[in-house]
Amino acid sequence: MNSQQLIDSVSNKLKLLANADQSAIKHAENEYVKKNAQLKEEISALKAKLVNLELIGGRIQYFVPSVTESSVHTNEELAPETPNPVVHAKPTVSAPTAAEKQPKPAPPQKSGGGGGGGRKGGAAPAGDLPVDVSRLDLRVGKIVEVERHPDADSLYIEKVDLGEGHLRTIISGLVNFVPIEKMQGLVGIFMCNLKPVKMRGIESQGMLMCASNDEHTVVEPLVIEGPNPPELGDRVFVESYPGEPDGQLNPKKKVWETVKPDMRVDASNFATYKGAQWKLRNNPGAVIKSPSVVNAQIS
């Protein structure tokens, strides 16, 4: 083999090696792209599972808007405008007359009687009220419309008739537990005095009460059974716990978080608070229960 042949042979081998390296690099890039896509899917699934478990546990979800360049302002932009100075003339003060010098009679003292009922007006402050189930506004409602949340795979958006003359929007994390056709037309119990919060950008104005087993593998809305159909807006009460619900629960007082551990379905599926059954004010023959789970948490 002469020198030229040797050079040609080496050049061909170098070209083959270069092509092989490019092919290997391309293959590795494709593998990385596939693995990255798989990881993104796994992360999204884990996030959805976490949100769903938090909703089941009564954890409120807050929507955090993204910060864009157009929403960022400098201190100068946010500073209030300085108004032009205005010079006011000093008023002329005249000497008081003899009548004006006379002391004014003291206002009459208010009597201690009277006072309105309920938890408004002269009622005791919310901090002085007992923390029990009577503070919760639990009512009968019917889901008249339901759809999947556009930005959260595990959430339903429900339009609920609570006998108020208008529909409330309530969001529930039940996509993985209850088919949408069973949610449509469902009559259940809703908590109506939670502070409204946004869940993935849409405001939720209450909570559908459900029972779930300890493993959170079964979550089902409470149902109402009895000889007479339930009345929309009818309130839940528990004997031995009189009182009217708060207009809106103060999240800082942790009323729901304090009451929640004692809200359970018993061994016979009945919804209870500290062992006493839930009842409806206008439907004494009705019972509130879970369809299947027993000895389980209500939330």
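User: Which backbone oxygen does the side chain of Arg168 reach at 2.9 Å, besides that of Cys192?

Analyst: This is a predicted model, in which local features need pLDDT of at least 70 and side-chain atom pairs count only at pLDDT 80 or more, while totals for chains, interfaces and linings use all residues. Residues are numbered from 1 along each chain as its sequence is written, and side-chain values use heavy atoms, with hydrogens and water left out. A polar atom of the Arg168 side chain lies 2.9 Å from the backbone oxygen of Cys192. At 2.9 Å, the side chain also reaches the backbone oxygen of Gln205.

User: Is Arg168 buried or exposed?

Analyst: Arg168 sits in strand β3 (residues 167–172), strands being DSSP runs of E with at least two residues, numbered from the N terminus. Its contacts (heavy atoms within 4.5 Å), leaving aside neighbours within four places in sequence, include Arg139, Glu158 and Leu162. Because its relative accessibility is 13%, and buried means under 20%, exposed over 50% and partly exposed in between, with a 1.4 Å probe and protein chains only, Arg168 counts as buried.

User: How many aromatic pairs does the structure hold, and what is the angle between the planes of Tyr241 and Tyr273?

Analyst: The structure holds 1 aromatic pair, where rings of Phe, Tyr and Trp (its six-membered ring) pair if their centres lie within 6.5 Å, and planes under 30 degrees apart count as stacked, over 60 as edge-to-face and the rest as tilted. Tyr241 and Tyr273 form this edge-to-face pair, 5.0 Å centre to centre, with an angle between the planes of 80°.

Conventions:
Helix = DSSP H or I, 4+ residues; strand = E, 2+ residues; numbered from the N terminus. Polar contact = N/O pair within 3.5 Å; in protein donor to acceptor, adjacent residues only side chain to side chain.
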